[in-house]
Amino acid sequence: MNPTAGLRFLRPYLQNDLCAARRAAYLRWFSTSRSLLNLAAATPKSKNDSTVRTPSTVGAESRAQVQERIAELKDAGALEWPRIKSDKEAMRVGEYIEKYMPILGRGELREQTYVKVRGRVRSFRVAGKSLVFLDIAQDGKSVQIVLNRARLEGFAGICRKEFIEFYHLVRRGDIISVYGNPYNTARGEVSVNAVELPTLLSPSLASLPLELDDRETRIRHRHVDLLINKKVADTIRVRSLIIQYLREFLLKDNFLEVQTPLIADKAGGAIAKPFTTVATEFSEKTLALRIAPEIWLKRLVIGGMDRVFEIGPAFRNEGLDATHNPEFTTCEFYKAFADLEDLISMTESLFAGIAKLVADLRTSPLKKLPTADLERFTAPFNRIEFIPAVEAGLEQKLPDISADDAEERLISLFKERDLPLPSSPTLPRLLDKLSSIYIEPDCVAPTFITHHPSCMAPLSKSFLCPKTKQLVSARAELFVDKRELANMYEEENSPFAQREKFLQQAKWRDDENRAVVDESYLEALEYALPPTGGWGCGIDRLVMVFSGANRISDVLAFGSLRNVVNLGREGALPVPDTKSQDPE
C-alpha cells in the first residue's frame, strides 16, 4: 500500500466517531506499517529471491508488541477468552466445504440456511468502506468469510462505526466464530456470508509473521512454523495418515494391538546403549528405557496371542544425525507360523499401499509435501544375498564366519584391502562395515538384503546356507535410498540355541554395555514359542521416505532431541505487518 494513499484511506475513520484511544491505536498501526514498508523498499533482494523478507526482532521488542496488542484489545473491551457452547449449527471448515462445495452454484446464496464456522484468521482483504473478506483456516483447510456492512446492518443492526472497529481490531492468527448463510461467489469461491459480526474467541496477542525461513527459529517456535509453512504441517499430517494405514493394514490381518512396558530392569531386544534411570520405589536398582519391544511382544505370542503388534516409542542413547534420534517411534509385529517369505510379501504389499495412499494425498489435500519417488514401490522388490554380494565386491571368499578366528581373519582382510576399520572391530561390526561398502550403496530402489551371517542377528533362526556353506540367519533387511527401513526374521524359538546366542552376543559387547543372558526370557521360551515371524520398522524413517523429508527432525512434531532440549532458549521471530494485509 502506498503510505500517502493509506493515510487518505484512514483519515475518515480517525474523526469524532471514534474515541481518542482508538485513534491512537490506529495511528500506531499506520506508523508501524509505513516503517515496515519503507524498510522493505530499502532492503536489497538476493539474486534468487523475488520477495522481500520481513525484518527480525529481538525478544524485548516482540514483548513490547504483545503489550501494545493487549492495550488495544483492552481499549476495545475485547480482551476476553469466552467459553463456547455446544451448537448443532457449528461445522468444521472441512465439513462445511465438503457439504456445500458440490451443491452451491456460482453466485448462489442460501438465505434460509444458517451455519456457524470457527477457525483462525489467515488473511483478510478490505474491498471498500462496506465490504471485507476474511479467510479462516482449520486443520489445513480454509474458507472465505464475506462481511457486507449493509447486510450486517439489516440482519444485526451493525452500524458503520462497529463495522470499522471490527476490521481494524481483527488480526491474522485470531480465532473467531462466524454465523451466516452458505454462499458461492460469482467467481466460484465457496464462502460464508455473515449475518453477524464474527465473535472473537481467542485473540492472538503475538503477531503472526508473514514468512518464517530461519531453520533454528522455526524449530524453536514449531507452533508458529506449522501456521506459516504448510509443508511442515502437511508432513506431520502425512505421518499420522501413514501410521493409521499401517495400523489398519495389520488389524485387517487379525493382529491385536498391544502396549508393552517402556521401563524395565534391562533393555533387551536389540544391541544398543540404553538410557538408564532410577525409580523411587526401586532406588537400589538401575532401570532402563526400552530399546525395542521385541522380547515383550514374543512373550505375548507364547501366551497364545498369535498375532500382535505395537506402535510406540523406543530409546537408544546413541548418535543424533539426519536419520537418527535418541527417541524414536517403532512398529513391531509378530505373527505365529509366518516364515521369511511371508514377511517379505507382507512388506511389499504394505509399502505399495502406503505409496498409493501418499500419491493420492499429494494431489489433495497435502499438496505442499516435498517431491518423493513413489512409483518405485512396486512388487517385487530387489533382493541381494549378503555373503555372495560381499564376496563379489571383494572378489574373494570370506573366511568361515563361525570359526573361532573369524574376527582376526576379517581384520587382516580389512588391512590387506586398506578398508577403514570400524570402532571396536567385533565380528558383527566388521561384517556390517562390509555391507556398508559393498551392498548398501546399490540399495537405492527398495531392496531386501537377505541371509546375513548368523552372528549379526542373535534373536533370529539360523541355518547352513547351501550356496555359501556359511551359517546364516533367516533374516531380511529392507533398504531404500541406501538406508535401512525395515528388519524382519524368523524368530529363534529354541531356548537352548537362544542361550548360546545370548552368550555369543555378550562377547561382542564392551564392558559398559555387556549383555546379560535374559534368564526370564529363556524361561518363557520353555513354554514353547511357535514358529514366528517378527518384523520391525522405524516410523520416522518410513515417513521420511514417503514424505520426501531430508532430516528426521522434519517428520517429528517438535524436531530432534537437540531441538527439544533447546526449546527454552530465547529466540527471535520476524516482525510481520501488524495487519494481515493493508487496506486497499
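Visitor: Which residue stands opposite alanine 288 in S11?
Guide: That is alanine 264. This is a predicted model, where local features need pLDDT of at least 70 and side-chain atom pairs count only at 80 or more, while totals for chains, interfaces and linings use all residues. Residues are numbered from 1 along each chain as its sequence is written, and side-chain values use heavy atoms, with hydrogens and water left out.

Visitor: What makes S9 and strand S11 (residues 287–289) a pair?
Guide: Strands pair if DSSP finds at least two bridges between them, and 2 bridges join S9 to S11, which run antiparallel. A strand here is a DSSP run of E, at least two residues, and a helix one of H or I, at least four, numbered from the N terminus.

Visitor: Why are strand S9 (263–264) and strand S10 (276–277) called edge strands?
Guide: The open sheet has 3 strands in the order S9-S11-S10, with antiparallel pairing. S9 and S10 each pair on one side only.

Visitor: Why is cysteine 537 called buried?
Guide: Buried means under 20% relative accessible area (exposed is over 50%, partly exposed in between; 1.4 Å probe, protein chains only). Cysteine 537 has 2%, so it counts as buried. Cysteine 443, at 0%, is buried too.

Visitor: And leucine 369, buried or exposed?
Guide: Buried, because its relative accessibility is 8%. Leucine 369 lies in the loop between helix H11 (340–363) and strand S14 (382–385).

Visitor: What does leucine 369 touch, leaving aside neighbours within four places in sequence?
Guide: Contact means heavy atoms within 4.5 Å. Leucine 369 is in contact with Asp234, Thr235, Val238, Val358, Arg362 and Ser547.

Visitor: Which residues of H9 meet H17?
Guide: Thr235, Val238, Arg239, Ile242, Ile243 and Leu246 in H9 meet Ile539, Asp540, Leu542, Val543, Phe546 and Ser547 in H17.

Visitor: Where do these residues fall: nonpolar, polar or charged?
Guide: They divide into 8 nonpolar, 2 polar and 2 charged. Ala, Val, Leu, Ile, Met, Phe, Trp, Tyr, Cys and Pro count as nonpolar, Asp, Glu, Lys and Arg as charged, and the others, Gly among them, as polar.
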